[in-house]
Amino acid sequence: MTDLVVRAVTKSYGATPALRGVDLDVGSAGFTAILGPSGCGKTTLLRCIAGFERPDAGEILADGQVVAGTSVHVPAHRRRIAVVPQEGALFPHLSVAANVGYGLTREQRRTARVDEVLELVGLAGYGRRWPHELSGGQQQRVAVARALAPRPRLVLLDEPFSALDAALRVELRRDIRAALLAAGATVVLVTHDQDEALSTADQVAVMRDGVVVQVGAPVEVYRAPNSEWVARFVGDAVALPAVADGDTAATGLGRVELTSHPVAERFTVVVRPEQIRLGGGPATATVVEVAFHGHDLLVALRLADATVVTARVPATTPVEPGSELAVGVRGVALAQVAES
Ligand SMILES: Nc1ncnc2c1ncn2[C@@H]1O[C@H](COP(=O)(O)OP(=O)(O)OP(=O)(O)O)[C@@H](O)[C@H]1O
């Protein structure tokens with residue numbers, strides 16, 4: 001697997017800073033997602049890695065070789081890094097096979113490589129079709145096959161599933177992940193979709209305002225975000241005013257366990273809506289609203305201190321607006337933020 005290292009990379013467009021010192025190590029993880037809101041610099045980082053942009057400062061190394069750095073700029077076509085863009089990547093006037101073979105030498109095209117990668121993405125036998133004869137999902141599969149054909153050391157995916165409908169995305173993500181890892185490629189996916197990042201990647205790098213603010217396995221980033229911002233960005237979060245009580249926090253939902261000592265006398269703790277327990281616990285709450293979301297209910301609760309928080313519970317939970325319930329928090333708080 002290719003070891004990609006990004007060190008202190010900065011990049012501005014005129015007076016607009018897009019990257020403000022990005023550090024990222026993609027080495028050990030097969031599949032890394034770069035997750036961040038619109039405008040945080042994801043695409044710029046991807047373009048710097050691919051070689052379409054030149055960083056202002058910092059270094060990018062692939063397998064220990066500097067591909068971008070002070071006075072080094074290996075051109076994009078020499079990096080052995082493939083990019084799969086959002087959509088519209090295929091040449092409409094070329095057959096599927098010709099699209100897939102586009103980046104291959106004439107000799108390579110005579111081998112079975114095109115059929116091999118088409119099979120890998122689940123499109124064996126589609127070589128003679130034209131792009132317009134394929135569904136959107138099939139076109140993205142062809143784009144991935146084309147990226148894989150020349151055996152790149154790294155595949156960069158730029159929001160490749162964003163134009164597809166929800167059900168198709170889930171299936172395609174799973175298949176594409178399997179195909180890329182079967183091909184032995186190291187993969188970097190850029191996305192603003194939390195669910196996509198958490199469900200597809202082995203490692204998630206969360207970006208905000210031109211820097212990577214947290215890197216970790218999906219479960220780590222979700223369960224132990226290093227700030228309230230990350231907690232809110234990777235999922236729903238409930239912020240509770242808290243007062244230090246020994247090594248725990250006293251909140252409107254009762255005592256909450258912390259992963260570390262309280263940061264101040266008064267602070268805010270963050271928990272996930274699914275951590276709120278209904279029908280048991282040390283505090284009392286009034287049910288303000290119950291919203292049905294298929295397998296879940298979102299239950300708005302007014303606590304004794306008048307704070308309103310939202311709990312997520314299975315749809316089978318018996319709960320009525322206006323009723324009073326015992327409530328509590330299970331598990332530990334995700335993050336604590338000192339009151340400013
Ligand atoms: N070619 C450009 N010229 C000037 N400013 C640019 C250019 N490309 C990007 N920017 C600016 O750089 C910042 C980062 O943009 P970038 O496209 O990398 O973000 P992003 O996270 O990929 O956003 P999105 O998810 O919306 O694509 C933004 O403020 C953007 O307006």
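1. A residue counts as buried if 20 or more other C-beta atoms lie within 10 Å of its own, as exposed if 12 or fewer do, and as partly exposed in between. The structure discussed here is a predicted model. T284 has 14 C-beta neighbours inside 10 Å, so this residue is partly exposed.

2. T284 belongs to strand β16, which runs over residues 276-293. Leaving aside residues up to four places away in sequence, T284 touches A304, E324, A326 and V327. G252 is 32 residues from T284 in sequence, and their C-alpha atoms are 8.5 Å apart in space.

3. On the chain as a whole: the protein chain contains nine helices and 20 strands. Its C-alpha trace spans about 75 × 45 × 35 Å along the principal axes. The chain has 340 residues, and 37% of them count as buried. Of the contacts between residues at least 6 apart in sequence, 66% join residues at least 24 apart.

4. Helix α6 covers residues 166-182, and its length can be checked.

5. Which residues of α6 are buried? They are R169, L172, R173, I176 and L180. Seen down the helix axis, these buried residues fall within an arc of 110°, and therefore they line one face of α6. On the other side of the helix, A167, E171, R174 and A182 are exposed.

6. Several elements cover the buried residues of α6, including helices α5 (136-148) and α7 (194-200) and strands β8 (154-158) and β9 (186-191). Just after α6, G184 takes a positive phi of about 80°.

7. The domain assignment divides the chain into domain 1, residues 4-232, and domain 2, residues 236-338. The C-alpha centres of the two domains lie 38 Å apart.

8. How many residues of each domain are in contact with the other domain? Seven residues of domain 1 are in contact with seven residues of domain 2. On the domain 1 side, the largest share comes from helix α9 (residues 228-234), which gives three residues. The residues on that side of domain 1 divide into three nonpolar, one polar and three charged.

Conventions: Residues are numbered from 1 along each chain as its sequence is written. This is a predicted model: local features need pLDDT of at least 70, side-chain atom pairs count only at pLDDT 80 or more; totals for chains, interfaces and linings use all residues. Helices (H or I, at least four residues) and strands (E, at least two) are DSSP runs, numbered from the N terminus. Two residues are in contact if their C-beta atoms, placed from the backbone, lie within 7 Å. The arc is that of the directions from the helix axis to the C-beta atoms. Domain bounds come from an automatic or database domain assignment. Ala, Val, Leu, Ile, Met, Phe, Trp, Tyr, Cys and Pro count as nonpolar, Asp, Glu, Lys and Arg as charged, and the others, Gly among them, as polar.
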